[in-house]
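Thanks for coming, everyone. Let me walk you through one model, piece by piece. Please have the sequence and the structure in view.

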Amino acid sequence: MSAEKKITGRQRQRINKLKRAFAYNLFYRQGATIRTASLNDYYLAVSSTIRDRMQHLFVNSVEALLEKESKIVGYLSAEFLMGPHLHNNLINLALYDDVATAAKESGLDLKKIIDHEEEPGLGNGGLGRLAACYLDSLASLQIPAIGYGIRYEYGMFDQEIENGWQKEISDRWLHPGNPWEIKKPDQACDVGFGGHSEVYHDEEGNRRMRWIPARVVTGIPYDTPVPGYKVNNVNLLRLWSAEAHSSFDFADFNIGDYYGAVEEKIKAETITKVLYPNDEQFRGKQLRLEQQYFFVSCSLQDMIRIHLFNNDTLDDFYEDFAIQLNDTHPSVAVPELMRLLMDVHGYSWERAWDITRKTLCYTNHTLLPEAMEKWRLDLFAGLLPRHLEIIFEINRCFLDKVRLKYPGDLARISRMSIIDESGPRYVRMANLACIGSKAINGVAGMHTELLRKHTLADFNDIYPGKIRNVTNGVTPRRWIAVSNPRLTSLLNESIGKRWITDLYSLKKLEKLVDDSGFRQAWRKVKEKNKRDVAAMALRAEDLLIDPQAMFDVQVKRIHEYKRQHLNVLHIITLYNRIKTDPNIEITPRIFVFGGKAAPGYFMAKRIIKLINSVAEVVNSDPDVRDRLKVFFVPNYNVKIGHIVYPMTDLSEQISQAGMEASGTGNMKFSMNGALTIGTLDGANVEIREEVGADNFFLFGLNVEEVMALRADGYSPMDYYRNNEELKGVIDLIASGHFSHGDRELFRPIVDSLLYDDQYTLFADYQDYIDTQQRVGEVFADEERWTRMSILNVARMGKFSSDRSISDYNRKIWDVKPFPVQLKWQRIPEDGVLFKSRKSKVRKK
C-alpha cells in the first residue's frame, strides 16, 4: 500500500495547507523562488510556517490569562541555551509527520532543513540548558510562565581547535535570521546607570528618594513562543536588547564628530553585545554588572506593567508573580524591586520589603566560592548608587536581627553581612539573594545538604526550612524524542507513548529486561546510532571508527574540578600498558571529549591542548592498533549533544565529590542508555540510588573523605612516589612525549598535580583505574551490559524536568496549572484581541 493511500482526508487538508504556506513564505517573506532559493531561505520559510501556527495558540494563551487571572512564573536567567527550535517545536506541536510529508511533496529534505538551523548560543552550559528544559516543562505542564533573559547579539563563542589549542570565534547566531522571535518595541523599558539619588517630599509631605541616573538606555523585548507538548499552552521567552534613547546625534555629525554622533548608540548596544565578556579587567566586570542589572530591571518593570493591566495597585504583586532567580546573576532583583516599589510606586520600606520577600525565590547552583558572585563596592556605587543605598539599609536591618539572635558572635555577623569587609569591600550577591527571597533551593540532594551544613549554614540556622531541595531534571521531549528517534520508536512500540509526558512510565521496561528479543532490539538501536556517527566521522574527517568499540564520552564545560585530565591519565595508563606489552588484551575504546574553556581560564585551555596532544600520539602509534582512539569534538553544543548522547556507551561523570551542584548531562546520558562511571557528586548520588548500585560504576573518595584528607595534610607527591603506574603516566607527560619533546608545555599541569592537586586526582587515580578495568570486563559481556543499559533508562523517571517543575510548584511557587481552551482561531471580526479589564479589578 502506498504512503499516499495511508493519508486521511483531514491529514491531506493539513498537508496541502502546509505546502501552500511553505510556498507563500518562500515567495513573500524571503523573496525567493524554487530556482533562486538557498537552503537558508527554505529553513526560514518552513520555520515561519511553524511559528505562524504557534501564534494562534500563543494569542489564546494570553487572552485566557486576561479572562481568568492566574499566577505566573517569572524565570530570570542570564542564560537560555534553548537549542535549535524547529525540530523541538515540530515534536511539541505534533506536526512532525505532516511537515515531513509536506516537505517531501514540495521537493524539500526536512532533515537537511532541520540540520541547517543555527543554534542560539545564549548560554555557556548546564545553567542555560536547565533554564531551557524548565521552560519546556512549564509549558507542557500548562503552568503560565515567562522566561526573562538577554538577547545577546553574539552568543557563547564558537570554538575551533587550531594546532590542539582552543580558538574563540565570534558566534554570529543572528546572521542567518531568526524566524522565531517577534520584536515588541512598544513594550520597551528604560534603564538607568550611574548618577546620584536625592531626597524630596511628595504631595503628602512624605520624605521620598529619587534616582537621577547619569545615562539611560532602552530595553527592547524580543519574544519567542515556547509551546508545550500536545497542549494549547504556549509560554513566552522574552529577551531584552539594549538600544540608545537617541541613536544618532545630528549636531555632532554636522560638525564632523562622526564617532560622537553614534557614541551613545555604541555604548548602549555594548550591554547586550556578547554573552559573558571576559571579566579579568575592570571594564569587563562593569559590563557584566551592567548586563545583569539591565535585564533584571527590564523584566521587573515588565511584570509590574502586566500586573497593573488588571490591577490598580501592587499590594498583591506576589499573588500574580512568583519570580525565580536562576543563580546569583539576577540577584540585583532584590534592591531593584525595592526601588521600583518605593521610589516609583510610593510604597513604604516595610511594605516594599514584605512584597519583595514574598515574590522572589533563589536557586543556588554552586558550591565553589569563586562562583558566589560579588562586586567591588566602588564599581557597584558608580553604576548603581541608589541600589547600594538600599542594600546598606537591607544589611543594617538584617544584621540587627542577627545580633539579637546571636549576641557577640562577630564572626557570624561578618560571614552573613551582604558587605564583605575582610579586605577590599565587596557586595556579596548570594547573601543578598538569601536575605531577600522567600525560599532558597539547591539542585540535588547532596548539594542541598552541603548548602545547609556548610556553604549557607548560617542562613540555614537563622531561617530553618528556607533552604529546600529541587533536584534538577531534563526534558525527555528534546533529550529522547528529538535526539534519539530510534530509541523513541522502540519505546513507543514496547510500552506506549505515555513516557513522553510521564517519564516514570519507563518503569515498564523492567518487565522486558529478560526478553532476549527486546534486548537484541535495544542493542540494534545503540549500534545504529554509533554507525551513524562512524559514517559522519568518515565523511567529514576521513576517520575510521569501529562502532563495536566502547564509546567512552566526557562532554561538559572544561574545568579542573570536572577532572577531564583524570580521564586523560586513564588513557595514558592504557597506552603505557600497550607499549609495555603490545599484545595485551584491552577492550577497544573510542574516547570522546567535548566542551569549551572560558577564554581567560589558562589551565582549562591547557587541558584541551593536552587532550589533543595525547590524541595525536595515541591515534598514530602503530602499537595501539586502533584499540584506543581519542577525539576532541570542537564547539560542543546542543546540536552536537543530539548526536553524542544517543551514541554513548559510557558516561564519564568524574568530578571531585562535593564540587558539582547537580549536573544534567549525567541524566541525558542515562536516559539514552549509557552507563555511568562516576563519583558520589551532585545528582550522581540520586542517579545511583534510582538505577541501583549494581548498574552504576562508582569510584573515588566521598565528600567526608575529601575533607578528612585535606584536614590531614594531603600530599599528592606521596601518591606519585608510591604508585608506579601513576608515576609512569606523569613522567611521560613531563618528558615531552606528547609535546614533540617540549618539556615546558605541560609543566603547569604536571606541577599543579604534583604540588597541589586541588581536586584530588592522585587520591582517586587507582580506584578510577581499577573501576575502568571492571567497566571493560562488563562491556565484553554483551548481555549483562544490555540489561544494565535497559535498567538505567527504566529508572530515569525522577530526572524529568516535569518532576522538577512540579517540585518547584509544590515546595515554592504555588502556581496552579492553567489549561488553555482555544477561543481565537483567527482574528475576530472586531479586529480587537486585547482589551483592558480594569473594570474587573480583583477585590483587595
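Start with helix 21, residues 516-541, and helix 24. They pack at an angle of about 130 degrees, and their axes are 8 Å apart. That makes helix 21 oblique to helix 24. Their crossing is left-handed. One caution before I go on: this is a predicted model.

Who makes that contact? From helix 21 we have K526, N529, K530, V533 and M536. From helix 24 we have I643, Y645, P646 and M647. By class, the contact of helix 21 with helix 24 has six nonpolar residues, one polar and two charged.

Which strands does helix 24 lie across? The answer is strand 18 (550-555), strand 19 and strand 20. Helix 24 runs at about 140 degrees to strand 18.

Six strands form an open sheet, in the order 20-19-18-21-22-23, and the pairing is parallel. The edge strands are strand 20 (628-633) and strand 23 (697-698), and each pairs on one side only. Look at the strand 20 edge. Strand 19, residues 589-594, runs parallel to strand 20 and is joined to it by six bridges.

Next, aromatics. How many aromatic pairs does a search of the whole structure find? It finds 19. Here is one of them. The ring centres of Y645 and F669 are 4.6 Å apart and the planes are at 70 degrees, so this pair is edge-to-face. The pair links distant parts of the chain, with Y645 in helix 24 (residues 638-647) and F669 in helix 25 (residues 665-671). They are 24 residues apart.

Strand 14 and strand 15, residues 426-428, run antiparallel and are joined by two bridges. I419 has V427 in strand 15 as its bridge partner.

First, helix 1 (residues 9-29) and helix 4 (residues 96-105). Their axes are 9 Å apart, and they pack at about 55 degrees. Helix 1 and helix 4 are therefore oblique to each other. The crossing is right-handed. In helix 1, R12, R14, I15, L18, K19 and F22 meet D98, V99, T101, A102, A103 and E105 of helix 4. That contact divides into six nonpolar, one polar and five charged residues.

Last, helix 6 (residues 126-140) and helix 33 (residues 801-813). Parallel or perpendicular? Their axes come within 9 Å and cross at roughly 80 degrees. Helix 6 and helix 33 are therefore roughly perpendicular to each other. Helix 6 brings C133, Y134, S137 and L138 to the contact. Helix 33 brings S801, D802, S804, I805, Y808 and W813. Those residues split into six nonpolar, three polar and one charged.

That's the tour. Over to you.

Notes. Residues are numbered from 1 along each chain as its sequence is written. This is a predicted model: local features need pLDDT of at least 70, side-chain atom pairs count only at pLDDT 80 or more; totals for chains, interfaces and linings use all residues. Side-chain values use heavy atoms; hydrogens and water are left out. Axes are lines fitted to C-alpha atoms, for helices over the stretch in contact, and angles run from 0 to 180 degrees between N-to-C directions. Helices (H or I, at least four residues) and strands (E, at least two) are DSSP runs, numbered from the N terminus. Angles under 35 degrees count as roughly parallel, over 145 as roughly antiparallel, 65 to 115 as roughly perpendicular and the rest as oblique. Contact means heavy atoms within 4.5 Å. Ala, Val, Leu, Ile, Met, Phe, Trp, Tyr, Cys and Pro count as nonpolar, Asp, Glu, Lys and Arg as charged, and the others, Gly among them, as polar. A crossing is left-handed if the near helix is turned anticlockwise from the far one by less than a right angle, and right-handed if clockwise. Two strands pair if DSSP finds at least two bridges between them. Rings of Phe, Tyr and Trp (its six-membered ring) pair if their centres lie within 6.5 Å; planes under 30 degrees apart count as stacked, over 60 as edge-to-face and the rest as tilted.
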